[in-house]
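Me: I have a structure open and would like to go through it with you. Could we start with how some of the strands are arranged?

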Amino acid sequence: MEAVYEKAGLFYLGKEVDSATMAPTEALTLLKNKHFTTHAAIIGMTGSGKTGLGVDILEEAAIDNIPAIVIDPKGDMGNLCLVDPDFDPEHFLPWVEEEARAKGEEPEVYARKMAQRWKEGIESWGQSPERAKRFAQVKKRIYTPGSDAGAGVNILSSLEVPPAEILQASDLFASYLKSTVSALLALIGEDADPLKSKPYALIAQILSHAWTAQENMTLETLIARIITPPFKRIGVLPLERFYDDDARFTLASRFNALLANPSFSAWMHGEAIDIDRLLYDEAGNAKVSIFTISHLNERERMFFVTLLLNRIVAWMRRQSGSSVLRAMLYMDEIFGFFPPSKNPPSKEPMLLLLKQARAYGLGVVLSTQNPVDLDYKGLSNIGTWFIGRLQTSQDIDRVIEGLSGKERSVEASQIRKLLSDLPKRTFFLKSAHLEGVRLFTTRWVLSYLKGPLSRKEIAAFCPAQKQSNAPSATLTTAPSANDAMQTFTIDIGVPQYYEPDPSGKLHYAPVLAAHVKLHYYQERRGIDETREKRLLYYVDGERFDAEMCEEESLPFERFARDIPKGARFVPLPAFLLEDKGLKRLQRELKNYLYRESTLQIYRNKTLKITSRPDESYEAFMARVQERLKALKEEAIEKLQDRYAKKEERLLQRLERAKARVEKEQADSTGSMIEAGIAILGALFG
C-alpha cells in the first residue's frame, strides 16, 4: 500500500514533537509542495540540522519530479549525489574511508556499519528502499565554476542579450543591468556606486547600448568597447571629459589582466548557464543542479551568484504564470549575499525573485545561521519558517515576534526556553498556510550525509560529468608558402571585409559571408517568426556548395573595410569572378535555405499544447509536466470537494438519525411513565 505522504503532492519532512517531553509522536509533518511557492527560510545555529532539513526538502522535490538549482557556498549539498538504494558497502566505502581512518576503524568494516545504519534509519521512518531508488534515478550534477573538479561553467554567454520580457520592462531592465555591472566590477575589486562610480556609468552604458541593439557581449568585446566606446557622450557630458582615454585604458587593462590570468581560463570552459538545461533533461524530467562555490574567493562568489540569479530572473520572466510548484532555488548559507544594510550585487536579483517568483511557480528556500542575515524587505515575502536551535538573545527576540502571533499556541517564554535548548534536527514550523506553530523533528535523509565534499571527492564521486569540461578544439589552416598570391578586383556591389592576419604575413584567402533572414509563417498555428543567421563559406574548389556553410555569431561589420597595405590574396576561382554581384550564388543559397531550413515545433495532442517557436525541447517537456501537475491538482481538488459534500450529507443523515433515536427514546420513556400512572390510578383510584 502506498504511504500517505506519497500522495497528493506532499513533502514528508518528519514527525511532530511533544513540546513537554520533546519526544517524536506518530503524527507526520507533511507540507503541500505548492506551499513552497511562497518561499521558505531555514534558520539555526551550526549543528542544529539545517543541512539535513534542506536535503529533506530537495529529496522530496526530486521525488515529485520538481527540479532544483542549488547554490552551495560550503560544499555540503553535494551529499545529494551520495545515495545507494541497494545499501551496498562497496558503494559506501569511498564515502566513509576518510572518516573511518579518522576514527581508527577499518574502512571496509566501517562501510558495512554505515550501509546497515542508513538502511535501518530510512526504514525506521517508514521509507522503503524503493523510495531511495526513485530519488537515485533523478539526474544530479555538481558544477564547480572556475574549477575543473566538477562540471565546468562557461560564463562567456553571461553577457548575452536579456529576453524581451526584461528589455521591455524598464524597472526589470534597470535592475538586471545594475546587478550585472556591479558583479563585473566586484570581480576586479571595484566598489561600484551607481551614483558616483565612473566605471559603473561607462560599463552600464556600454551594455545598455549593445543590448538594446540586440548585440550579445563577451568579456573580450567589453574590453574593446571600454577602450573605444560606441558613443560620444555619457549623460550630457562629452565622453573624453567624463572618462578620458588613459582612465578607460587602465580599466580595460584590469579586465584584460583578469582574462589573461591562466587560472581564469577555467571560467571559459564547460556548459553555458542555460536554466532550462539545468532544470530538465532531454525527456523533461527533473534534475538537481548543484553549484559548489566553496573554492572561490569572496569576489568570485559574488560575481558568479549574481550572474546565476540574473539568468534565473530572465528564465522566470519567460515562463507563464503558475500556481503549481514548477522549480526550486535553494541557497545554503545566505550570509553576505542578502544582508539588511549593505547592497551587494546579488541582493537586487534575490529580492526580485522573492517578490515575483511565486507567480511563476518558482519556490526559493534560503538557509542561514542568523535571522539578521536576511534583508527585512525579503522577510515579508517568505511564507514558511523553519527555526532550529539559536543561542544569542538578539536572534531569539527577533524570532519570537514571528512565532508569537495573535493565536499563541506556544507562549513567548516557552519559545525562548525551547529555542535555546532545542535538540539537534528539531525545528519550529511557522507557515502562512498552517494554523499556529508546530514543533517537529526531521526524517532520516535518503542521501548519505558525509559533510563538505573536497575537490578530490567531487572529481571521484562524479567522474561522468568531467567529459563536458574538455575545451573544444578548432582546426584552422592558412595558405601555404607555395600558394600563388596576387591582388584582385571583384564586383563593386559586393561588400568586402578584411580580417586581421595574426601571423603578420598579410596573406588572405577568400571566405563568402551571408547575412540572411528566414521568415516562418503559418496562420493556423499562429506562427509568424523571423530568424537571422550569419553564414560563412570557406571557398575551396570550383563550385559553391551551400551545405558547407557554417554559422557565425559575430557581425561581419567588426572587420575593416580598407585593404591592408601590402596584402596579397589567393586567386579567386572562376565561379566567383564570373558571377556579377554574386546573384547566382544568392539564388542557390535562397533555394537551399528554403528547402533545408525548418522551424521545429513540438506538440502534445492529448493536452493540446504546442511549443513556441523559440522553445527548446527541454522547456516544452517541462511545460507538459507542469500542465500534468496542474491537472493532477485540479483532479485532487475536485475529488476533495466531491467527497467533502458526500461527507457533509452523511454527517447530516447521521445527525438526523441520532435525533430520531433520541426522540424515540424520549417517547418510549414518556409512554412508560404514563402507563405507570394509569396503573397506579386504577389501583389507588
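This is a predicted model: local features need pLDDT of at least 70, side-chain atom pairs count only at pLDDT 80 or more; totals for chains, interfaces and linings use all residues.

Me: Which residue in strand 13 is the bridge partner of Ala41?

Reply: The bridge partner of Ala41 is Trp385.

Me: And what about strand 14, does it run parallel or antiparallel to strand 13?

Reply: Strand 14 (residues 426-431) runs antiparallel to strand 13, and four bridges join them. Here Trp385 stands opposite Lys430 of strand 14.

Me: Where does Phe87 lie?

Reply: Phe87 is in the loop between strand 4 (68-72) and helix 2 (89-102). With a relative accessibility of 8%, Phe87 counts as buried, because the cut-off for buried is under 20%.

Me: What is the phi of Arg425?

Reply: Arg425, which is not a glycine either, has a positive phi of about 70°. Arg425 is found in the loop between helix 16 (412-419) and strand 14. Its relative accessibility is 27%, so Arg425 counts as partly exposed.

Me: Let me turn to charges. How many salt bridges does the structure hold?

Reply: The structure holds 35 salt bridges. Side chains of opposite charge can pair when their charged atoms come close.

Me: Which side chain does Glu282 meet in a salt bridge?

Reply: Glu282 meets Lys139, with an N to O distance of 3.7 Å. This pair links distant parts of the chain, as the two residues are 143 residues apart. Glu282 is in the loop between helix 11 (275-279) and strand 10 (287-292), and Lys139 is in strand 5 (residues 139-143). Lys139 is partly exposed, with a relative accessible area of 43%.

Me: And which residue forms a salt bridge with Arg248?

Reply: That is Glu240, and the closest N and O atoms of this pair are 3.2 Å apart. Arg248 counts as buried at 3% relative accessibility, whereas Glu240 is partly exposed at 41%.

Me: What about Arg623 and Glu615: how far apart are their closest N and O atoms?

Reply: They are 2.9 Å apart, and the two residues form a salt bridge. Both Arg623 and Glu615 are buried.

Me: Last one. Which residues gather in the patch of positive charge on the surface?

Reply: The patch brings together Arg642, Lys645, Lys646, Arg649, Arg653, Arg656 and Arg660. One of them, Lys646, is in helix 20 (residues 617-684). Lys646 is partly exposed, with a relative accessible area of 31%, and so passes the cut-off for patches, which is over 30%.

Technical notes: Residues are numbered from 1 along each chain as its sequence is written. Side-chain values use heavy atoms; hydrogens and water are left out. Patches are made of residues with over 30% relative accessible area and no salt bridge: like charges are joined within 9 Å, nonpolar side chains (Val, Leu, Ile, Met, Phe, Trp, Tyr) within 5 Å. Accessible areas come from the Shrake-Rupley method with a 1.4 Å probe; for residues, only the protein chains shown count as cover. A salt bridge is a side-chain nitrogen of Lys or Arg within 4 Å of a carboxyl oxygen of Asp or Glu. Lys and Arg count as positive and Asp and Glu as negative; His and the chain ends are not counted. The place of a charge is taken as NZ of Lys, CZ of Arg, CG of Asp or CD of Glu. Buried means under 20% relative accessible area, exposed over 50%, partly exposed in between (1.4 Å probe, protein chains only). Two strands pair if DSSP finds at least two bridges between them.
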